[in-house]
Amino acid sequence: MQVGNVTTPFGRRSVTLAQIKGQMRTAEIKAGKKADKWNVFRDACEARAVLGIQGRALTVLNALLTFYPDNELSEDRGLVVFPSNDQLSVRAHGIAGTTLRRHLAALVDAGLIQRKDSANGKRYARKDETGGIEEAFGFSLAPLLARAEELAHAAQQLAAERKRFRITKEALSICRRDVRKLISAAVEEGLAGDWGHIEEMFLGLTGRIPRTPTVDDLQQILDEMEMLREEIINRLEIQADSENMDSNAVQNERHIQNSNTESSNEFEPSSRKEQGAKSSQAIRRTKEPMKAFPLGMVLQACPGIRDYGPSGNVESWRDLMSAAVVVRSMLGVSPSAYQDACEILGPQNAAAIIACILERAGHIENAGGYLRNLTRKASCGEFSLGPMLMALLRANGAPGRKAS
């Protein structure tokens, strides 16, 4: 926006509102104020989106600052630099003259520098009798000194916004991965539920992510994705509770049947050997391992396993499997029992079960026997890791659930 004109020997030059604001700012510089020129420059680079300038303009600003002899900007030492366009072009990596003038104008309009023209329009310094600079004509760096705090604050705000964007984007990626794995695990294990509809909801949410999203776009989708994840976990918990009730009923029925047939078993000594052989064969039976649940879900259900990971933490499945080997030995689980579990359940699920056993170590007398029993049930399709994780999640607090 042009608000007036000034007369020079070469004609009339328009004065913009930004230039007038810059002059007002520099008039308010407190006596003795100083600022590190490179710190101010870095803040200007961080805040360039707010300032509305391009990277090449910052290159020109960097070149101008190299002509200022001190690292600290100070009115006591003067704030005007007076390089020629040729000198500026060399220090700005050979930028063309027309491009140089355009970016100098952009820096003026952005309120980062001011023109201080001489009578003939040239840039030079008038020196006193001692050789010191008495007056200089060229570009004043006073706006940088006047706006040092403003630029620093803008840079901090933009850095905070970028951090929030990065954290929100990472959280959405993790949540998407969790929902995808939960749906896949539920479908693969044949759990009851309208998983096709839930799949459509999931795809609808992911399809709404813009190509160049804002943090608000990501936050809204993240909130809905977390609600979907909680809904899936709720359904899995209901399924787990139903399975536990059915399992208890079957165990009671078997107990009654065993009590009624106990006398007949005394006359069939070979039957138990045959059952043991069949059980061993079942464990060795080749079967595709069940799909692993999300690592974050396992760690929330079993936080105790983190202490046994490399460097005292678990950040990946590799870390969890390394921790499981340590805990397996500590709990007295034999290598063969753990190997059987890895073959039937898969290495990731076997490590997750070790984490679950560690979490309930005070309630399990024989960890090795317990693991072998779970492995045998899994080989016969009678065990799912989901209910065990859900039970521990309820004890430790399910993700995203508010305390009641």
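Predicted model: local features only at pLDDT ≥ 70, side-chain atom pairs only at ≥ 80, totals over all residues.
Helices in this account are DSSP runs of at least four residues, marked H or I and numbered from the N terminus.

**The chain as a whole**

The secondary structure of the chain comes to 18 helices and eight strands. Of its 404 residues, 37% count as buried.

**A loop residue and an aromatic pair**

His 93 sits in the loop between helix H5 (85–91) and helix H6 (97–109). Although His 93 is not a glycine, it has a positive phi of about 65°.

A search of the whole structure finds one aromatic pair. The ring centres of Trp 38 and Phe 41 are 6.0 Å apart and the ring planes stand at 90°, so this pair is edge-to-face, given that planes over 60 degrees apart are classed in that way. Trp 38 and Phe 41 both belong to helix H2 (residues 37–46), where they are three residues apart and therefore separated by about one helical turn. An α-helix has 3.6 residues a turn, so residues three or four places apart point the same way.

| Residue | Relative accessibility | Class |
|---|---|---|
| Trp 38 | 24% | partly exposed |
| Phe 41 | 13% | buried |
| His 93 | 70% | exposed |

**Helices H15 and H16**

Two packed helices are described by the angle between their axes and the distance between the axes. For helix H15 (residues 335–345) and helix H16 (residues 347–359), the axes come within 7 Å and cross at roughly 130°. Because of that angle, H15 is oblique to H16, and the crossing of these two helices is right-handed.

On the H15 side, the residues of the contact are Tyr 338, Ala 341, Cys 342 and Leu 345, and they meet Pro 347, Asn 349, Ala 350, Ala 351, Ile 353 and Ile 354 in H16. The residues of this contact divide into nine nonpolar, one polar and no charged.

The buried residues of H15 are Ala 337, Tyr 338, Asp 340, Ala 341, Cys 342, Ile 344 and Leu 345. After H15 comes Gly 346, whose phi is positive and near 100°.

Technical notes
Residues numbered from 1 in each chain as written. Heavy atoms only, no water. Axes fitted to C-alpha atoms, helices over the stretch in contact; angles between N-to-C directions. Parallel < 35°, antiparallel > 145°, perpendicular 65-115°, else oblique. Left-handed = near helix turned anticlockwise from the far one by under 90°. Contact = heavy atoms within 4.5 Å. Nonpolar A, V, L, I, M, F, W, Y, C, P; charged D, E, K, R; others polar. Phe/Tyr/Trp six-rings, centres within 6.5 Å; stacked < 30°, edge-to-face > 60°. Buried < 20%, exposed > 50% of the residue type's maximum accessible area, 1.4 Å probe, protein only.
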